[in-house]
Amino acid sequence: MDKPLSSFAKVVLLGAGGLAVIAGPILYLLPNDTGTYFAWTIQHPLTPVYMGASYFAGIGNLLAIRPNRWSLARVQMPAIIVFSFLMLVATLLHIPIFNWSHPIAWAWLAVYVVSPVAAGILFLQMERNFPPPQFESKRLLASFSPVMWTFAIVYGAIGLGLFLLPGQMAALWPWSLTPLTSRVIGGWWLSGAALQVMLAKQETLHTARVGLFANVLVASLLLVGALIHWGDFDGPQISIWLYVLSNLFLVGFSAYSWIQSAKR
């Protein structure tokens, strides 16, 4: 039997979803104005576009509240824990860069001090004695798990490189990065790896659909952002095309898996 969400779980999911609704559109639509509204000034527009698109994944947390099922909500939790913890580490490593005269900088710090602790406690509490329910219908494709594991490995490797080796990775990235923005984007890639790991463990669309929604939404927004800001790419051509193709494949495979599984 599935486990209903606790009040604490709903608060954490609502907070993560609210952050997506607020931060996502602002960063995505106003990438050249971060000096005015954000915690630090980001020089290259593709970085806030990437961040904004990635924040939109949090909308899936809002969608997981209404069904009131932990089997659906749990897929996103490791990604939240990984990302929020890494943002705290990145912030502490680059404290002088932040605009501490701006309240948004303090809000950023507060969010990423509280979020990893709250999400971690929630995940441990809800996972205790939780037997994942079995569903017979809408089973995912046989190729779904191997492909998601492949994405997880690739995302994890790239994310680790961006976070641990920002100087070296900057020379390979599709657009210019600073050490801080490299670690922030690396945090998103590692968060994506955590999401793909959880998706790879799912057997049916019943529990995978919110994670698949996040994949399709974020990768689609990244592709649109790439088209809008194509002239801002200043990295190696092969990196640019690999970036575009990886997002195309993620959108295509996630959408295809959803459609085919829904027919079963």
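## Close-up views of a predicted model

Asn129 sits in the loop between H7 and H8. This is a predicted model: local features need pLDDT of at least 70 and side-chain atom pairs pLDDT 80 or more, while totals for chains, interfaces and linings use all residues. Residues are numbered from 1 along each chain as its sequence is written, and side-chain values use heavy atoms, with hydrogens and water left out.

View 1. Helices are DSSP runs (H or I, at least four residues), numbered from the N terminus. Asn129 has phi near 60 degrees, a positive value in a residue other than glycine. Asn129 is exposed, at 73% relative accessibility. Relative accessible area sets the class: buried is under 20%, exposed over 50%, partly exposed in between (1.4 Å probe, protein chains only). Lys138 counts as partly exposed, at 33%.

**View 2. The salt bridge of Arg139 and Glu203.** A salt bridge puts a side-chain nitrogen of Lys or Arg within 4 Å of a carboxyl oxygen of Asp or Glu. By this rule the count is three. Here the N to O distance is 3.3 Å. Arg139 belongs to the loop between H7 and helix H8 (144-164), Glu203 to the loop between helix H10 (179-200) and helix H11 (205-228). The pair links distant parts of the chain, 64 residues apart. Arg139 is partly exposed at 32% relative accessibility. Glu203 is partly exposed at 45%.

**View 3. The salt bridge of Asp2 and Arg69.** The closest N and O atoms are 3.2 Å apart. Asp2 is in the segment before helix H1 (7-29), and Arg69 is in the loop between helix H4 (59-63) and helix H5 (70-73). The partners are 67 residues apart. Arg69 is buried, with a relative accessible area of 18%.

**View 4. The salt bridge of Glu127 and Arg74.** The closest N and O atoms are 2.8 Å apart. Glu127 lies in helix H7 (residues 103-127) and Arg74 in the loop between H5 and helix H6 (77-93), so the pair ties together parts 53 residues apart in sequence. Arg74 is buried at 13% relative accessible area, whereas Glu127 is partly exposed at 22%.

**View 5. Helix pairs around H10.** Axes are lines fitted to C-alpha atoms, for helices over the stretch in contact, and angles between N-to-C directions run from 0 to 180 degrees. H6 and H10 have axes that come within 8 Å and cross at roughly 165 degrees. H6 and H10 are therefore roughly antiparallel (over 145 degrees). H8 and H10 pack at about 160 degrees, their axes 7 Å apart. That makes H8 roughly antiparallel to H10.

**View 6. Helix H3 (residues 46-55) is mostly covered.** Of its 10 residues, 10 are buried. Among them are Leu46, Pro48, Val49, Tyr50, Met51 and Tyr55. Gly52, Ala53 and Ser54 are also included.

Technical notes:
Helices (H or I, at least four residues) and strands (E, at least two) are DSSP runs, numbered from the N terminus. Angles under 35 degrees count as roughly parallel, over 145 as roughly antiparallel, 65 to 115 as roughly perpendicular and the rest as oblique.
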